[in-house]
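Please look over the sequence and the model shown here before reading on.

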Amino acid sequence: MRGVSGCKVRIGLFAVLGVSVGCEEAEQFRDRFRDMTPHEAYQASLVGAGLGETALARDWVRAGREALGNSVRVALPFREESLVAPEVPSAVAYRFALGRGRKLEVDVSMTSPEDVRLFVDLFRVPDNEDDPWRPVSSSDSMSGTFTYESRRDGDFVLRLQPELLRGGNYRVTLGDDAQLGFPVEGHGMGAIGSRFGAPRDGGRRLHRGVDIFARRGTPVLAASAGRTQRVSVRELGGKVVWIHDSIRNARVYYAHLDSQHVRSGQEVARGDTIGFVGNTGNARTTPPHLHFGIYLGGEGAVDPTPFLEPSRGRLPALVADPAILGSRVQPRDDGVPLRAAPGQQSRVIRSLDQDAAPRVMGVTGAWFRVRLPGGGHGYLAVQRTQPVEAGASLPAGLD
C-alpha cells in the first residue's frame, strides 16, 4: 500500500485462524459490521419518511458527498469560525495529514437560535481511488470534543453538515498531540540523545528505541496506562519493565533502570512511577539514561518519537471579526486571487475583480472563506478585501 509501512493487524475471525491481514482488508472487515453513523441514520430516516427523493434531500446528500471530494487542505493546528446558511443544503470538509503516534483533538461548538443537529464525521482518505470512504469517528451533537488516535500515517477529512433547513454559527478547532506521555519526569524531547535506528555494535544491530538522558534516580513514568508484563534483570537492558498497552496493542519497554518500582501483573495508570533512571545492563559505561521502546502487535519495534513529541504548532490569530460572517466583501482591486485553501502557497482557483461580491462563510487566521454568487467556494486574503458598503450597487442576481 502506498505511503504505509509495516501495517499488519489481527482482527476477529482472522485472529482465530492466526492470519495477518493488511490495513485495507482489516478496515473492510470492520466496516462490514459497524453501526450506522448518525449522518447515515439521518439519511435513512429521510428515506423512511418518504422524503428521500425530494429535491431538497437529494441536494443535502449530494452536498455531503461532494464535500469529501472538495475538502480544504489545512495544516494543524487549525481553527475556523463559520456560518451555516439554512436555506442552502451544504457541508464543509477539512483535509489534513495525521501520522502514526499522533492524537487528533477536535472541538466543535455551535450557536443557533434553534436546536440543530450538526453531523461531525471523521474519515480516513482511501489509499486507492477504488476504496470507499470510511468514517472512523462520528457525532451529531451541537457542541462537543473528541479525540482520535491514528494507527498509521495518512490523510483524514473532517466533515461538518447540519440537518436540513437548519443553520447557525459554529467554531471548529483541530489540533494534534502525542498519544503517550513523556516517560521521564521533568524532561522533554530535548533530553533524547540517541534516536531510533541508530547503528549499534559497529552496525551489527540497530537501536530499537530512544535514549532519554537524565540524572540518576529521576522518576521514570508510565507513558500510558496498562498492565506490567515483566519486571526483570537482563544482560542488555539491565533492570527492565515491560508494560502491555491494550488500547494500542503495544508492549512498552523501559530499560537500564537504577531500580524498579512495580511488580509483574500490576495495573498502572499513565504518569505512575514505575522505576528510576540508571545505567544498568550494557549501559554501565554511559551516563544514566532511560532506553524507551515501543513494540506494536504484528509489527515489532517502531520509532517512539511521534508518540512522544508534543504539538509545536500555534493557532494563528483571527485577523477579522467573526461578526462579518454572512456579509459580502469585495476585492480592493482587480485580479485578487481566490485560493483553494487558506495560505499563500495554495492553488489559485481564479482571480476576482472589484465588482465581485462574495459572501463570507468562514474566517480563519488572515483569510475569509467565501461563497461566490452562483456557487463555488474559495479563500480570500482579508487584507485584499473590503466590506461592501451599504447601498452599493451589486451585480445582478445578488441579494
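## Terms and basis

On a 1 Å grid over the protein atoms alone, a pocket is an open set of points with protein on both sides within 12 Å along at least five of seven lines, a cavity is a set of points where a 1.4 Å probe fits but cannot get out, and lining residues have an atom within 4 Å of a point. Grid points are joined across faces, edges and corners, and a volume is the space filled by probe spheres set on the points.

The model is predicted, so that local features need pLDDT of at least 70 and side-chain atom pairs count only at pLDDT 80 or more, whereas totals for chains, interfaces and linings use all residues. Residues are numbered from 1 along each chain as its sequence is written, and side-chain values use heavy atoms, with hydrogens and water left out.

## The second largest pocket

The second largest pocket has a volume of about 790 Å³, and its lining consists of 35 residues, of which Ala67, Asn70, Ala91, Val92 and His377 lie nearest its centre. Among the elements that give two or more residues to this lining are helix 4 (55-69), strand 5 (92-98), strand 10 (154-162) and strand 29 (377-381), where helices (H or I, at least four residues) and strands (E, at least two) are DSSP runs numbered from the N terminus. Helix 4 gives the most, with five residues.

By class, the lining of this pocket has 19 nonpolar, eight polar and eight charged residues; here Ala, Val, Leu, Ile, Met, Phe, Trp, Tyr, Cys and Pro count as nonpolar, Asp, Glu, Lys and Arg as charged, and the others, Gly among them, as polar.

## The largest cavity

A search of the whole structure finds one cavity of 30 Å³ or more, and the largest cavity holds about 80 Å³ of space. It is lined by 14 residues, of which Pro86, Val88, Pro89, Glu163 and Leu165 lie nearest its centre. Helix 4 and strand 10 each supply at least two residues of this lining, which divides into 10 nonpolar, two polar and two charged residues.

## The sheet and its helices

Five strands form an open sheet of mixed pairing in the order 3-5-10-7-8, two strands being paired if DSSP finds at least two bridges between them. Strand 3 and strand 8 (134-139) are the edge strands, each pairing on one side only. Strand 5 and strand 10 pair in the antiparallel sense over seven bridges, and Leu98 stands opposite Gly154 in strand 10.

Helix 3 (residues 38-48) packs on the sheet, in contact (heavy atoms within 4.5 Å) with strand 7 (118-124), strand 8 and strand 10, and its direction makes about 125° with that of strand 7. Helix 4 lies across strand 5, strand 7 and strand 10, running at about 155° to strand 10. Axes are lines fitted to C-alpha atoms, for helices over the stretch in contact, and angles run from 0 to 180 degrees between N-to-C directions.

## Local features in loops

Ser112 belongs to the loop between strand 6 (102-111) and strand 7, and its side chain reaches the backbone oxygen of Gly167 at 2.8 Å. Not counting residues up to four places away in sequence, Ser112 touches Gly167 and Gly168.

The peptide bond from Leu76 to Pro77 is cis, with omega near 0°, and Pro77 is found in the loop between strand 3 and strand 4. Asn249, in the loop between strand 18 (238-245) and strand 19 (250-260), has a positive phi of about 50° although it is not a glycine.

Terms used: Polar contact = N/O pair within 3.5 Å; in protein donor to acceptor, adjacent residues only side chain to side chain.
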